[in-house]
Amino acid sequence: MARLFPIRHVMGYIFSLVLSLVALGVIYWDLTFAAAMVILIICALIQASLQLVLFMHIGETDSKKTLYLNIAYAVFVGVVTIFGTLFAMIWGY
């Protein structure tokens, strides 16, 4: 019966909430810009890895090459989207 309860998912959800609250707390704490960015980047990296491992089951696949290729493609699409938006809306092209 203990196997039926998804304790890892519940703990991951709680940890995600804590990380989100820390990121929200950065707004209310009186921090320098550099300190706030360091905290936000660290929280974002931990949050992304937590989501990939616990909720997207990144470690449960047989083909590691396909997995890393898909992650690299997703990062590429994200970077192109962000810089394309900056290029069109801010830089005026």
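Which helices each supply at least two residues of the lining of the largest pocket? In this predicted model, local features need pLDDT of at least 70 and side-chain atom pairs count only at pLDDT 80 or more, whereas totals for chains, interfaces and linings use all residues. Residues are numbered from 1 along each chain as its sequence is written, and side-chain values use heavy atoms, without hydrogens or water.

**View 1. Lining of the largest pocket.** The helices that each supply at least two lining residues are α1 (7-28) and α2 (33-55), helices being DSSP runs of H or I of at least four residues, numbered from the N terminus. With three residues, α1 gives the most to this lining. The lining comprises seven nonpolar, three polar and three charged residues, where Asp, Glu, Lys and Arg count as charged.

**View 2. Packing of α1 and α2.** The two helices pack at an angle of about 165°, with their axes 10 Å apart; α1 and α2 are therefore roughly antiparallel to each other, a term used for angles over 145 degrees.

**View 3. Helix α3 and the residue Gly-92.** The 27 residues of α3 (residues 64-90) should span 39 Å at 1.5 Å a residue, and the end C-alpha atoms are 38 Å apart, which agrees; the expected span is 1.5 Å times one less than the number of residues. Gly-92, which follows α3, has a positive phi, near 75°.

Key. Axes are lines fitted to C-alpha atoms, for helices over the stretch in contact, and angles run from 0 to 180 degrees between N-to-C directions. Angles under 35 degrees count as roughly parallel, over 145 as roughly antiparallel, 65 to 115 as roughly perpendicular and the rest as oblique.
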